[in-house]
Amino acid sequence: MAAKYLKKENLVSWLQTLAKERLTLVPRREGDAVVFRPFAPGQDIPLDQQATTPPKAAVFPQCEPLLAFKYAKDPENPGKVGVQVKEKLGDTPSVVVGCRPCDARGFLTFDRVYDSDRASDLNYLTRRRNTLFATLACDEPASTCFCNWVGSGPADAEGSDILMVPVEGGFVLEPVTEAGEKLMEQAPLEDAGDKAALAEAVKENAAKALGEAPDLSQAREKLLSLFDNMDFWEGVSAKCISCGACTYLCPTCYCFNITDEQSGAEGVRLRTWDNCMSYLFTMEASGHNPRPTKAHRLKNRVGHKFSYYPDIHDGHIACCGCGRCIKSCPSSVDIRQIVLQAIAASAASE
Amino acid sequence: MSAAPGNELRIIGFLCNWCSYGGADTAGVGRMTQPTDLRIIRVPCSGRIDPLFVLKALVNGADGVLVSGCHPRDCHYAEGNFYARRRLEVLKRFLQVLGIDERRFEYTWVSASEGQRWQEVVQKFTERIHELGPAPKITPDQMAMAETMAAQPR
Amino acid sequence: MELLDQLKEKIKERLPELDVVIGWEQGFDPLHATPLFMRTEEDVDRLVFSPLCVHNLASHLTGLKGKKVGIVVKGCDSRSVVELLQEKLLVREDVTVFGLPCTGVVSLKKIKHALGGLDKVASAEFNGNELKVSAAGAARVLPLNEIAADKCGRCQYHNALLSDVFVGAPVEAAAEDNYADVEAFQAKSPQEQAAYWRDAMQRCLRCYACRNACPMCVCRDHCVAQSREPHWMTQQDTVQEKWFFQMIHALHLAGRCTECGECERACPVGIPLLLLKRKINKEIKELFDYQAGTKIDATPPLLSFKVEEENINERGW
């Protein structure tokens, strides 16, 4: 299928059709934030700027019950207590409409970890395979955007199923995957005609507006070489307040914690987001904590994204450049600056 | 016997060991009839009661919470209830912005010898909670959680 | 001499005897300032001060224990320093306070509403009490009183209450705080209030930015919210859990909160958290005639009592 044109006024009817078959998540304004929520007719769908939170929870919920368990005495042998376990899998077919290319691309970072030869995470994969992305290309970058630094761009279709390019009066829809094509078949589309050229222009302008990306090819080694330089890390982390806003808003942060929440003889095993900025993240049962200060923890966050992860995943940076960690940081910690400083600092020390 | 038979609500009582728990005991020994909606948790002193005990109970679905300790000047530990009084008063007023009806929480003083007074306090508070009815389920998640629990293997 | 130049000079004078001085510098875009940790004179040259310097730097103080720290404070920030000293969480000799007069800081949220977004700000400059800002190709002039943080409109302490070095001319004005916002919220029915908090808490990420940005939340890495023993909170992401955490936060700040509003400012999803703390402060004011962070030698009301309380009528129910 070639690119097609969707009039702005037809967006809602398309969403309505989609929502009949799939959980359809769209941006919604809630208070001062824009978050992804199930589509509901009559609600405003703010598409003019990046949502406050990424659609990460669509595939990787903030909290998901992995199983429910119950202890019960064996009636034949009361001394024996058995445990019954019921697994849970989230397999609702879903589609996210109106996320940005960086948001959809974030899951590629997850895939390399949770869908590899070494490990395959059934709970993640079930959701992942059931979730599609109709991504809105960016026409103008924000001051915090740096997707071009990490090998992407404002119209990057990687990780998306449909790419929607905003043009005057509507969107040019480009199918990326077969599944995306099927979704497009349900939309009241028109031939793109001369809109296709407009879409190309939008993409080009957006890419141009992002400017030149600095060369980060050195970051991997340079960050490693700074591993033991705590002066450097104490310097760049001084203003960090060690909260988890950056990681929980990050489309690529995939760490989790597993806890049993039990009440009486029954309970649930939960998987919840966890974050490396928290003191408890690396707290060991012995009481020892290998990352006792925020400097250690920020070092891990930056190092993991730009050095350790690329090291074992063919050079892919575990950052999609969405800039939420900068934009929403209470102290405006800028990860771009830290990476650049690391490259410069280790250059100076050589 | 519940204030409204067959329609028991959940009221949590935090009672200090030295006075109010004794008072409740006195009422029991004296065979004074009391509503059965109240579940008592004994604490060493009203000063032990973290206001968060009360909020935790209310947030998780208690229909009412009653705190009772020794009368001021009568604290077994001399001043525990003086501190409690300040905390509980602030707590009660805090409820006014939490969307929890402040009448669902009350604190009072009952001594070990006041079996009669204890009976009145419980009766009056239980009646009040029954007038208010079951606490509104705060959120849809409460329903979702209930479903999760119900979906557990039997 | 400009206030900023005077301040820089004073900091440079004291810098040799200090390990670090905390101030603000320009952040990633013209609207965002960011905390600056000054160790050298060159660092001091990067210092800025304007209504964009929204952060309460006192939040960093307890993390720098054992060091000689200088800190630049606005009136509201100084209350946090006072409260920390009052609670003996800081050693007076270790802290050098550079106090400033302040006529108000901005609320980036209000600017966001005015501009329709903060993503494309090209320039921002204060000219007296007006912010000239150009964003997404359009220039705007926003008067400070329209974009000032709510706390500034009711500020009673424009000038640092505590300072080793005070720079600039004290601001004369002081507003009244009648807690009108709390009163208005209280007028809603419990059902409406519950619905309001449910909607707000639904988007909470449990990132704990509210806690970590709070100058008075000094437990930091050892917060009860994440403790498994005692198990105050589960890891469920239900509204009750998230909301209960806000109750913990508010009650652990009862009689201590200096209303700097960092909890609310830090929240990445814009939950109006200060209201809860202001409600408690309002009652503490009424019951005990007390305001946190205004007197170093005052006894916090919840750490003391009177045998006969004038304002509590506990027998009346």
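These are my notebook entries on what I looked up in this structure.

**Ground rules**

I am reading a predicted model, in which local features need pLDDT of at least 70 and side-chain atom pairs count only at pLDDT 80 or more, while totals for chains, interfaces and linings use all residues. Residues are numbered from 1 along each chain as its sequence is written, and chains are lettered from A and ligands numbered from 1 in the order in which they are written.

**Chain A as a whole**

I began with secondary structure and found 11 helices and 12 strands in chain A. Here helices (H or I, at least four residues) and strands (E, at least two) are DSSP runs, numbered from the N terminus. The radius of gyration of chain A is 22 Å, close to the 20 Å that the globule rule gives for 350 residues, so chain A is as compact as a globular protein of that length. That radius is taken over C-alpha atoms, and the rule is 2.2 Å times the number of residues to the power 0.38. I also noted the box that the C-alpha atoms of chain A fill, roughly 75 × 70 × 40 Å along the principal axes.

Of the 350 residues in chain A, 49% are buried. A residue is buried if 20 or more other C-beta atoms lie within 10 Å of its own, exposed if 12 or fewer, and partly exposed in between, with C-beta atoms placed from the backbone.

**Where chain C meets chain A**

I counted 35 residues from chain C and 36 residues from chain A in this contact. Two residues are in contact if their C-beta atoms, placed from the backbone, lie within 7 Å. On the chain C side, β2 (33-38), α8 (190-202), α9 (209-212) and α11 (262-266) give two or more residues. β2(C) gives the most, with three residues. By class, the chain C side has 14 nonpolar, 12 polar and nine charged residues. Ala, Val, Leu, Ile, Met, Phe, Trp, Tyr, Cys and Pro count as nonpolar, Asp, Glu, Lys and Arg as charged, and the others, Gly among them, as polar.

**Where chain B meets chain C**

This contact takes 33 residues from chain B and 33 residues from chain C. Nine residues from α3(B) make up the largest share of the chain B side. I find 16 nonpolar, six polar and 11 charged residues on that side.

**Two helices in chain C**

I then looked at α8(C) and helix α10 (residues 239-252) of chain C, which pack at an angle of about 100° with their axes 9 Å apart. That makes α8(C) roughly perpendicular to α10(C). Axes are lines fitted to C-alpha atoms, for helices over the stretch in contact, and angles run from 0 to 180 degrees between N-to-C directions; 65 to 115 degrees counts as roughly perpendicular. W197(C), R198(C), M201(C) and Q202(C) of α8(C) meet V239(C), K242(C) and W243(C) of α10(C).

**A helix in chain B**

My last stop was helix α1 (residues 20-29) of chain B, where seven of the 10 residues are buried, so α1(B) is largely enclosed by the rest of the structure. Among the buried ones are S20(B), Y21(B) and G22(B). The buried residues of α1(B) pack against β1 (11-16), β2 (38-43), β3 (64-69) and α4 (115-132) of chain B. After α1(B) comes R31(B), with a positive phi near 55°.

Terms used:
Parallel < 35°, antiparallel > 145°, perpendicular 65-115°, else oblique.
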